[in-house]
Structures are given as structure tokens and as C-alpha cells.
Amino acid sequence: MAVYSPGIRLRPISLAVSAILASASSVAVAQDSAPDAQAAQRQTTQSQRQTANSEPVSLDSVVVNARRREESAQSVPTPISVLSGDTLENQRIYRVQDIQQLVPSTNVAYVHARQSSLSIRGLGNNPASDGLEGSVGVYLDNVYLGRPGMAVFDLLDVEQIDVLRGPQGTLFGKNTTAGVLNITTRKPTFDPERSISTSIGGDGYRQVQASVSGGITDTLAGRFSAYRTEDDGYIKNVYDGSDENGGRRHGFRGQLLYKPSGTFNLRWIGEYNEEKASNGTLVLYSTGPTIGGVNRYEQRAAAAGATLVNGRDRKVNLDVGHQLTVFQGGTSVEANWTLPSNHTLTSITAYRWWDFTPRNDDGLDVSASINGGVSVRDKQYSQEFRLASPTGGAFDYVLGAYYFRQELDNRAHSIYGPLADVWNGTAAGALANVSSFTDGSIKTDSWALFGQGTWHVTDRLDFTAGLRGTYETKDAWLERHAPIGGAAVTGPAATQRQARHGAWQSGDLSQHSFSPSGLLSLSYQFSPTLLGYTSVSHGEKSGGINLGVGSAPTAGVDSLLVGTERANNFELGFKSTLLGNRLLLNANLFWTEVSGYQANAYDHATRASYLTNAGDVRSRGIEAEITWKPLAGLTLNANGSYNDVTYTDYKDAPCPVEVSFQPGAPASCDLSGHRVVGSSKWIANLNGSYRWRLDNGLQAYANASYAYRSKAVGTIDDSIYGQLPGYAVVNLSTGLRGRLADGTWDLSLWLKNAFDKTYYTSLWNGQNGSYNGVHGTPRTLGVTARYDF
């Protein structure tokens, strides 16, 4: 085995890059020349870009680390979708919330960094859950992100994104019940690599990305990447003519890779991201029901003197507007040792922090609510150890231990204006000019042991078993301070002020749980190009604690506790490589039964969202993915899913407004048999890429994608006024690549949402029986220039 020299001799390379990102740092993009499979993939892609020579009519092998060792995605007996960095660049996907346009059974509900969630197979729609982790785990360079909002930044210098469907935990750091989104960034390289790209587009869109990588010594390599993105927004505020739902984001990532020998490597990563934006600008989707000839929303808006606008026209009428700031960063160290026994020992140590501060408008052009929202300060620490056995024998395995610590504090604020009582329907003086603040805190400690082994029964038959045990504690408290401001009141006004914002303390709250997870899987290699598999798995995630007061003063502190979510999952599928490695065809059936499903609900009385166990859920369906390379330069991909996700038992559910606003309405409704919020029954994604040589040595290319989602339930109450329409979006791009003496250039023209489809990505309960929506991006034309050298 070759051993690297441990000397400190400086390598004679130049690591210069001259790109200034507005007021940010210069940056760059590169690839790892270390002898691993993913580095080989990157070198192949870069070579194709640089030479533009004819390429073989076969598909590249896709390497994943889903089972904590590098292997072909076609040999992993589990449903997994892989998006390479090249695919993300071709399809102009630079945000996590856009990946649903490329993979099946996946939905991203996004308003802003705090109100965001990722669901797979209809499971996991629980945004703004400060006291609860998601059903879908999000990992960045093998580090679990405790908040989905930690992944809401530009996808900078990404190597690959893997989407694993179904319960995970016997191999991953944190246990999840619905799946995993695994983001891997490019490592430092010992060979010099530099890249810079800039984009401009409609609605004031501007983006610059850059990176630089190379060896510092024979044993130490570094990488630095940065970006800055700006856009004006695409929601027009008719109150003052400003644009909403835009902003500025910038960030950087620095890395060091130390390889003193072929048996040890250490990778350090440090990063920072910042956002100042008006994201979270909701438009009015529906004013809700008219009961007895009266529409409550329209009546109270008129009484307050507000002028309503049609949100379907991408318009709002806000006297204050929305603003938010996000500051986040983190650092991690991953070390890998190859032991004398050829076992691999891995240690991953990480720390991350995330700060979020909002200013939310009430949706009106009059002063009913001046500012409302929840600020969050979050810190997390994690440590993971893994031991992977050598492969090639009759049995191989991975063992691991994991610790996760999270400390989260939030502050809810409600600052009312002089028209608050008119808008809220309260007695005069109850809320007018009143301010209320609530502080909450939760600390989570999670310990886990896990392991998974595969017995190669024959050359073709494998049996895999995995087991995990997680012990978790959560300790929290809430304090709502006495309201300040407003006039001195008595009678009904005083009673209503006290009920809505009176001083209240929860005392100490705690949860302790043990959550087992397990997997049994059989896979059979029918031929070198056909793998069949079946599996049963069980996943659990611990409960949570509401960090909002809600109805707790009357319902008791136990109403703040959320129970454990448990999922049992069955898979049956195959993976095939056909036509001489020109066609990949994968498909699978799945059936998942969930008990104690954790979700977000809305209380019209307190006008607040809260976490709850939404009964039992069944998710079943079929998923398929096809990739075909019919000729050199042309790659076609199609994937889709049919997903039937319903509540099998949800008898104590919130009622839709058309029921709850009726005289004598029941306190709860039975939603058993109703579809789960946010789950489209049908999803279809088509995309293609074609590149060809021109006579002058240039390479031309064209990319196209089509993403379709059928209608879905918009909010948990399944109101007829809150149904999310289906939609389809088409994206197009074309460009030229050429070579200069010291590098390659790339110039592309792209068109997002080519037919300017007006669509909504999610819906939310609003005040007075209304429903608000999040608009998808309108048609945007832009150009990108890139230079690799």
C-alpha cells in the first residue's frame, strides 16, 4: 500500500482567484483528486466539460454512501434517488426547496427558514416545530441538522444529494421515520482547481459563486467556496409599490483535508450563512366561508377599513411588510482510520448554531397587528463513532454510537395596533396597542447505539439485519409575561386580554423515551444487471414539547406534550441495468403504517399553530425511476410516484372553518379516511439533457425539465377552502462551452417556469377563517456565465 510522505514540503501551485462577491469574499468550486469513486466521477464530468469529445453511449456509475461505505446505487437494496452536482447545475436547482422537481414522493413546504419542512411519501409535514425534530432527517456532510431551516441556503459546491425513502436509523446518526435527505459537498483536492460563475435574471435576480481548491503541502489540501444571491421578489405590495418575497443571501465554506498516509484522513469544515429577506410574504388565498350571509374575514376587514387584494395576482396590501434575518454557521471534523485489521473507524464531531428573527405583518393595510412572530436561537452538538468491517467475506457490518445535544430558546411576540379589537372581534380595549411576549426553552439529549450487518448467504442472496436503540430526554419550560401597553380595562375586555395574553408559567416540563428501530432485508441478484429486494423496517422518533402556550392555561400543561411517532414499513422492489448500461429501470412498492403521527394544527380560538399527534396514518404506493441514454450526449430521466396517504384513525381532529364557524359547532371532527396534508397522490418528473459538438470545437447543450404534482390537501383540517391545486412547471436552458488555454468557459441561457404558471407550493390557516398561500416562482429568464481554470 502506498504511503504518503508526512513531510511539510510546500507544493509549487498557485491558488489565486479574483472574484469579489458584492461585499462578500471570493470563492470557488473544485473536486477531490483523491483516489475515491466520487472523485473519479467528478474528474469524468470535468473532462467531458473541458474536451467536449464524443462520449460513450453508456450511463456513468452512481456511487452512494447510503450504507456507510461507498458502493454503486444500483447494488443498494433500498429506494434511493441520487442528484449529482452536474444535474443540479444543468437544471438550475440551487435551493433545497426546489429538489422536489427532480425526485419522486418528495414535498418541501417552505415559507421561510423557520416555517419549512420536508416530507417523503406524505410523511413529515410539521413546519415551525421548535420543540420537535422532523420525520425526515437532513444531513450535511454526515452531520444531522436539528432544524429543517438549517438547510435553507444556496446549494454551494455540492457533490451530490441522496434522497432515501422509508425509516432510517440503523446506519444514520439520528433515527427518522420517513426518510433522509443527505447533502454531500465537494472535498478539497490536491490538484489546483478554481471556478467562478455569475448569473443575472428577472425580478432583480443576481448570483455569484466561486471556489478555489488545491494542495498546501504534500499532505494538506484546502478548499474555499462562497456565494452571494440577491433578488427583488415577485410579490407586489400595492400599499407602497414595493416588491416582497425577495432578499439577500450570502455565505462561505472553508475546508482542510489532511492525508498523512493511505490509512488516515481528517477533514475539517467551517461555514457561515446569512439571509436578510422578505421571505414569508403570504398572499390571501381564500377569505373562507360565508355563513348566514356573513363572511367573517371580509366583514372584519371592512370594519377596520382594510382594502383586500386578490392574492392569485401575486399581490398583497401590507402597511408594514415582512422581514426576517437568519444567521447560521457550524464546524465539523471527520476522521477516518483504516485499522490493521482493515476495519474502518470513523469519528464525526460537529457544532452548529442557527438564529432566526422575523417581523410579520397581519396581511392588512391598516394597523391591526404591527408585528408578530417567533424568534429562535438554536445550538446543537453531535458526536458519532462508526466501525465498518472490511468487505469481501461472508459477513460485513457497521456498528455505531451517536450523541446529540440541542439547546433551543425562542421568544414569541405579538404587538398590536389601535385596530386590533376590530380585527379580532374582541371587546374595545382588550388588545388595542397591547404587546405580549412569551419565552420558551427546550434542551434535548439523545444517545443511541446502532448496527447493521449483511450475511452473504450465497453469491447472489444477501440477508441484512439492523437494530438501533435511542434514549432521549427533553426538558423545557414556558413563560408568558403579563401584557404591556394598552388602556386599563375591566369587564369583558379585561377577561379577553387575560385569556389571550395573561401571565402564565408552565413550570418544568420533561419527556423521557426509548425508541427502538429495526430492519430486516432480503436481496437477490437475479443476474449481473437485475437486483430484487424486499424489506420490513420499524422506525421511531421521540415526542416533543410545544413551545407555544396555546390553550394550556385551560387545558393543562399536559396538552403541551406530543407523543412518540412510530412507523412500520414494507418494501418490495427491483433495480435493473439494461441495454448494455444505457438504461436504468428501478421500481418499488411500499406500505407504511404510522401511529401517533406528529403534525401541525391550527387553533382558531387562540390563533396559534400547535404540535399534535394526528392519529394513525397509512401511506402506500409505487415509485419508479428510469434513466436512458439512447445516443451519445443525450440523457433522459423520468421518475414518478403514486402515493395514497390517509388518516386511518383521527377522531379528535380540528374542524374545518365551514364547520367550526357554524352555531353549535362540535369541538372536534373525525378526519379518519381523509388525505394527509401536503401529499399529492400523483407526482411525475421528466428531464433531459443533450450536448453535441459543433464544427468549431465548441460544445452546445440543451436541458429541459417538466415537474407535475396533483392536487393536495392544503391544511390539516381539510377545509374545502384550503385545497392546494395541482400544477406543472417547465424549465428550459441552453448554452455553449468552449476551451481556452488555461481553462474552460460556459455560457447558458435559462428560463424557469417557462409558461408562467401561477401555482402555490403550500397553504396555511389564516385569521378569521381565511387561508393564505405561498406562491411558486413566476417565469424568470436569466443568463449564467462560468469559468473553470
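**Close-up views of paired strands**

**View 1. Asparagine 765 and tyrosine 771 face each other across two strands.** In this predicted model, asparagine 765 stands opposite tyrosine 771, a residue of strand S46. Strand S45 and strand S46 (residues 771-775) run antiparallel and are joined by five bridges.

**View 2. Three strands form an open sheet in the order S17-S46-S45.** The pairing in this sheet is antiparallel. Strand S17 (283-286) and strand S45 (760-765) each have a single partner strand and stand at the edges, so one side of each has no neighbour in the sheet. From one strand to the next, the twist averages 40°.

**View 3. Strands S37 and S38 make a hairpin.** S37 covers residues 616-631 and S38 covers residues 634-649. The two strands pair in the antiparallel sense, and the pairing extends over 14 bridges. Two residues lie between the strands of the hairpin. Glycine 633 in this hairpin takes a positive phi near 90°.

**View 4. Strand S38 also pairs with strand S39.** S39 spans residues 682-693, and nine bridges join S38 to S39. These two strands run antiparallel. Asparagine 637 stands opposite another asparagine, residue 687 in S39. Seen together with the previous view, S38 has antiparallel bridges to S37 and to S39.

Definitions and conventions. Residues are numbered from 1 along each chain as its sequence is written. This is a predicted model: local features need pLDDT of at least 70, side-chain atom pairs count only at pLDDT 80 or more; totals for chains, interfaces and linings use all residues. Side-chain values use heavy atoms; hydrogens and water are left out. Two strands pair if DSSP finds at least two bridges between them. Helices (H or I, at least four residues) and strands (E, at least two) are DSSP runs, numbered from the N terminus. Axes are lines fitted to C-alpha atoms, for helices over the stretch in contact, and angles run from 0 to 180 degrees between N-to-C directions.
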